[in-house]
Amino acid sequence: MEVQKIEVDNILNHWKRDKSNLIEMLEDVQEHYRYIPPQVAITIAEELDISMNRIFHIATFYKGFTLEPRGKYPISVCTGTACHVKGGTRILENIMRDLDLEREGQATEDQLFSVESVRCIGCCGLAPVVAIGGEVHGKTSSTKMKKFINKLRKKEQAQ
Ligand code: FES
């Protein structure tokens with residue numbers, strides 16, 4: 001997604017260009033671009049007169065931020081204890097392999113999917129659990145996830 005100065009200005013203005021709202025600004029940037037683009041980080045640092053280090057520290061400290069684009073449908077595979085016992089880690093490996101991803105956080109070539117492991121998303125009774133684009137799938141399997149991902153991909157291709 002192309003970085004547009006106007007969007008960055010809107011975000012800065014929305015938060016009154018107040019340094020104490022930096023995390024909220026970065027949340028808006030992350031939501032809009034699905035990552036923190038370097039050009040945006042530089043603009044924010046310049047506009048707020050803060051160091052790039054401060055932005056970099058926040059962007060790497062909080063798991064909600066990424067410095068590379070996430071897929072349109074971020075996939076969170078729970079590998080917490082209950083899900084791991086029920087095969088969560090294997091599901092993670094299979095999804096990564098099916099999507100041809102080498103590492104977590106990387107987006108697929110079509111920018112539709114990215115995968116991350118997470119530690120317990122609070123519904124252990126439904127283990128193993130995978131969330132795709134915010135939609136939680138409980139008592140799932142590699143096969144069910146593969147079908148669901150293919151369905152999403154077909155839907156996107158039809159648009
Ligand atoms: S361990 Fe997976 S939801 Fe709790």
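What you're looking at is a predicted model, where local features need pLDDT of at least 70, side-chain atom pairs count only at pLDDT 80 or more, and totals for chains, interfaces and linings use all residues. Residues are numbered from 1 along each chain as its sequence is written, and side-chain values use heavy atoms, with hydrogens and water left out.

Let's start with the whole chain. Its C-alpha atoms fill a box of roughly 50 × 35 × 25 Å along the principal axes. You'll find seven helices and four strands; these are DSSP runs numbered from the N terminus, with helices being H or I of at least four residues and strands E of at least two. The chain is divided into domain 1 (5-61) and domain 2 (73-158), with bounds that come from an automatic or database domain assignment. The C-alpha centres of these two domains lie 29 Å apart.

Now back to Arg34, which sits in the loop between α2 (22-33) and α3 (38-48). Arg34 counts as partly exposed, at 26% relative accessibility. (Buried means under 20% relative accessible area, exposed over 50%, and partly exposed in between, using a 1.4 Å probe and protein chains only.) Asp18 is 16 residues from Arg34 along the chain, and their C-alpha atoms are separated by 22 Å.

Next, hop over to Thr108, in the loop between α6 (88-98) and β2 (113-118). Thr108 is buried, with a relative accessible area of 3%. A polar atom of its side chain lies 3.3 Å from the backbone nitrogen of Leu112. If you leave aside neighbours within four places in sequence, Thr108 is in contact (heavy atoms within 4.5 Å) with Leu99, Leu101, Phe113 and Arg153.

What about the cysteines? Cys78 is buried, with a relative accessible area of 3%, while Cys124 is partly exposed at 41%. The structure holds zero disulfides, a disulfide being a pair of cysteine sulfur atoms within 2.5 Å.

Finally, zoom out again. Buried residues make up 42% of the 159 residues in the chain. Among contacts with a separation of 6 or more, 61% come from residues 24 or more positions apart.

Key
A polar contact is a pair of N or O atoms within 3.5 Å; within protein, one must be able to donate a hydrogen and the other to accept it, and residues adjacent in sequence count only if both atoms are side-chain atoms.
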